[in-house]
Amino acid sequence: MTRSPTTANRLERLYALALCLYPERFRQGYELAMRQTFRDALQDRALVRRTLIPLVLRDLVTSLAKEHLAMLRDTFARPALIFNALVLTGLATGLALALYAIPQQVLRQGANDPQIAMATDLVAVLERGDLAATLQQGALPTVAGGAGAVDIAHSLSPFVIVYDDQGRTLVSQALLDGKPPVPPAGIFNYVRNHNEDRFSWQPRRSVRIAAVVQRVDGPHPGFVLAGRNMREVEAREEQVGQMAALTWIGMLGVILVGTAVFGWYTRPRPA
Amino acid sequence: MATGTAPAAPLSPAVFAILLSLAEGDKHGYHIMKDARAPQGGGIQMGPGTLYGSLERMMRDGLVEESGLSDDERRRYYRLTKLGQSVLAAELERLDAAVSSAHALGLLPHGGRS
């Protein structure tokens, strides 16, 4: 079969254009050799064009994908680049954790402040006299709103509960499901030895209290628990967590883009 | 730059066909493609992109090298290295063992091999 030189030239020009799609390094290394191989194939009378053209088209698709993947691997999968990215990711993660943990602790510790003041003042009053008699004389601080007791599941007001030395409730400004809440087991033994404890108390699912328990010494010893629902504080802690998470994602994005740009500009180039 | 790390068996069809073709001697790209297309060369339909991509990786692995000979500056000739020869020999042994096993199991038509 006679082959038209014009068609062959046209096909070769098209093939040369298609070679522009290969990565620069591969193209510079093999463009001339590939064009020559294609020219040889066009001149091979044993290879008909209806076999050659689909073969070359399939080859273009598969080898373009393969060479671009190889180029990406060579550009971005270099150990030094990955190591740098991992170190930066570790630093960003540590920073984001600190951005969450520090304000969270400040908020949580700050949530105890009114209770510490209330418990300290009440303990000072109770230590001066008989525990039960002093309570009857109205030593308790006024509950916000003026009511006798607060529903700690809903109210954000601070409250106090006074216990005798055996841990029995003498008076309570707090109610949960209509009853004074039961303090965590072992808390009085701990406070008997350490004088004070500050802790997060969950008397019921979804009710969390920032609690401070102080020892009442003197001839009529006992305990004072001051508490406050942590709902608002925990909402702020959640906001801090969301901001820290957004900051972390942003830093990861910057590291990703920075690594990609740095990897591209420092990629292996044709000799 | 050759790293000298031999690829793990089994070799890909393209790499095997290229090694087999170059076992005869130095050849240029289209000659290798023709050999690979022939049934005795592996029957691999390979275009220039696959051929030169494979050759580049094989040169990096130290299996082949450019011979430097050329009848035309645009034609590049390649030859097997010592490592390439031993990798080809190992692959042929592996295939030979598989064919012998297939014979023993009666999976191949009679007369294909003694």
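In chain A, strand S2 (residues 159-164) and strand S3 (residues 169-172) pair in the antiparallel sense over 3 bridges. Strands are DSSP runs of E of at least two residues, helices are runs of H or I of at least four, and both are numbered from the N terminus; two strands count as paired if DSSP finds at least two bridges between them. The model is a predicted one, in which local features need pLDDT of at least 70 and side-chain atom pairs count only at pLDDT 80 or more, whereas totals for chains, interfaces and linings use all residues. Residues are numbered from 1 along each chain as its sequence is written, and chains are lettered from A and ligands numbered from 1 in the order in which they are written.

Within the chain A pair, A:Val162 has A:Val171 of S3(A) as its bridge partner. The hairpin of S2(A) and S3(A) has 4 residues between the strands, and A:Gly167 takes a positive phi near 90° there.

Chain B contains an open sheet of 3 strands in the order S1-S3-S2, with antiparallel pairing. Its edge strands, S1 (27-28) and S2 (64-66), each pair on one side only. S2(B) is joined to S3(B) (residues 77-80) in the antiparallel sense over 3 bridges, and B:Tyr78 of S3(B) is the bridge partner of B:Glu66.

Between the chains, 15 residues of chain B are in contact with 20 residues of chain A (C-beta atoms, placed from the backbone, within 7 Å). On the chain B side, helix H2 (29-37) and helix H3 (48-60) each supply at least two residues. The largest share, 7 residues, comes from H3(B).

Note on methods:
Contact = placed C-beta atoms within 7 Å.
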